Amino acid sequence: MKKREPPYVVRPPTAVLTRGFDPRLSVGSARPAVFRSSTYVFTSPDSAARAFEVALGRARPAPGENVDLIYARLSHPNAEILEDQVVPLEREAQAAAVFNSGMAAISTTFLTFCGPGQTVIYTTPVYGGTRHFLRALMEPWGLRTIAVPAGDTLALERAVESAKDLRIVLVETPANPTLVMTDLRAAVEAARRRPDSPLVVVDNTFLGPTFQHPLELGADLVVYSATKYLAGFSDVLAGVVLARDPELVTSLRGTRAVLGNILQPDESWLLQSRLPTVTLRMNRQSKNAQRIAELITKHPAVTRVLYPSLFTDHEQARIRDAQCDFPGAMMSIELAGGRPAAFTFLRSLRIVRNAVSLGGMESLACHPRTTTHSELPVEELDRAGIGEGLVRISVGTEDWRDLLRDIRDALDAA
Ligand SMILES: *Cc1c(COP(=O)(O)O)cnc(C)c1O
């Protein structure tokens with residue numbers, strides 16, 4: 001049955017509600033049904049054989065061909081609908097693969113595109129799970145890793161130029177929790193100067209898909225912890241990888257089928273229902289954060305507010321203006337009184353909750369040095385500016401005046 005889709009190209013907020021879903025395949029239901037089956041009944045033994053040929057990469061589906069589903073570890077209708085609908089949110093993306101967490105998306109990307117004896121470059125500070133995966137799991141299997149400080153364009157260019165058998169350049173920008181930005185275009189250009197064309201992979205969790213568009217700047221893959229802004233309610237774990245080149249996504253799906261880390265049907269359905277509001281939520285959250293960040297810089301308990309609209313470094317401001325549409329909803333506050341002040345601040349908050357994670361409707365705050373980043377050696381923490389007095393805040397969709405009052409009261413207490 002052919003899907004009824006508009007004969008013209010629609011814009012992303014429309015596509016996210018119309019692409020990839022045909023109500024007739026869900027008995028007319030306006031929202032997709034949840035297909036929990038682990039296995040699918042073939043149309044015929046011939047179509048079963050055809051489905052395996054396509055799944056194992058021995059044949060490609062013809063345009064418009066309906067290939068039978070096989071088994072839910074390979075794919076299922078809810079993952080397919082979600083993958084179709086998330087694509088228009090990421091500028092220039094042509095295909096997506098969904099995973100059962102952000103870490104599943106990131107680890108599957110590395111396991112698919114690099115191996116023993118090859119090299120990976122990553123910006124630091126990087127997400128703790130990513131660092132652990134690369135250093136504690138991949139290095140013992142023979143992968144070489146090179147860490148480059150976030151925002152150091154020259155160091156990144158040099159590392160990309162000189163690395164042996166470089167397969168992946170992973171850029172996480174802005175960095176967590178310091179919000180330091182790395183020049184995406186410079187990373188892409190450095191990678192393109194190499195004849196062995198390493199992949200530029202961007203962890204776009206903090207600003208994407210609304211405010212930062214790495215594929216447009218030439219990156220090959222964009223990865224997400226969809227647990228954060230894409231899902232938006234702190235109630236589902238999920239990951240997404242998007243690419244301009246569908247072949248890259250096909251390779252990822254092949255690894256995913258073996259690892260068994262596809263996003264499950266219920267979670268796919270949940271995440272899919274959140275996509276049409278990502279832009280609305282992120283815009284509101286960014287506006288809230290910007291108002292608050294700019295109004296607390298002068299508070300006597302605060303030494304620094306780390307937030308993109310407050311950058312004073314020229315190079316950082318240049319990168320921000322070149323690759324970000326809005327400053328986003330993540331900020332870090334450095335308190336003059338060190339750890340005791342940071343802990344008193346966290347204990348004094350009444351609306352903002354003390355929890356890790358980010359991107360949800362509700363505002364959350366944490367102390368990175370003793371929680372999310374506690375695996376880092378002290379020298380690395382100090383070098384990255386993750387001090388004893390640093391508190392990270394994920395600003396939600398509450399009324400910004402209530403949040404400002406809550407944060408000011410807690411600062412007064414600190
Ligand atoms: C949370 C997060 C991850 C990991 O995602 P999970 O969904 O928790 O597995 C990766 N990168 C960044 C930047 C994150 O914030």
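A residue is treated here as buried when its relative accessible area is under 20%, as exposed when it is over 50% and as partly exposed in between, with a 1.4 Å probe and protein chains only. The structure is a predicted model, in which local features need pLDDT of at least 70, side-chain atom pairs count only at pLDDT 80 or more, and totals for chains, interfaces and linings use all residues. Residues are numbered from 1 along each chain as its sequence is written, and side-chain values use heavy atoms, with hydrogens and water left out.

By the burial criterion, T119 is buried, with a relative accessible area of 3%. T119 belongs to strand β2 (residues 119-124), where helices (H or I, at least four residues) and strands (E, at least two) are DSSP runs numbered from the N terminus. With contact taken as heavy atoms within 4.5 Å, and with residues up to four places away in sequence not counted, T119 touches R144, I146, A163, K164, D165, L166, R167 and I168.

K228, placed in the loop between β6 (221-225) and β7 (239-243), is likewise buried, with a relative accessible area of 9%. Apart from neighbours within four places in sequence, K228 is in contact with T205, S357, L358 and G359. The C-alpha atoms of K228 and G102 lie 9.1 Å apart in space, although 126 residues separate the two in sequence.

A nonpolar core is defined as a set of buried Ala, Val, Leu, Ile, Met, Phe, Trp, Tyr and Cys residues joined through side-chain atoms within 4.5 Å. The largest such core has 62 residues, of which V240, F345 and I407 touch the most other members. Helix α10 (residues 278-296) provides the largest share of this core, six residues. Because domain 1 (12-29 + 71-272) and domain 3 (278-413) both give residues to this core, it lies between them; the domain bounds come from an automatic or database domain assignment. A second, separate core of 27 residues includes A95, I106, Y122 and V223.

Helix α4 (residues 102-113) and helix α8 (residues 246-259) have axes that come within 9 Å and cross at roughly 105 degrees, and they are therefore roughly perpendicular to each other. Axes are lines fitted to C-alpha atoms, for helices over the stretch in contact, with angles from 0 to 180 degrees between N-to-C directions; angles under 35 degrees count as roughly parallel, over 145 as roughly antiparallel, 65 to 115 as roughly perpendicular and the rest as oblique.
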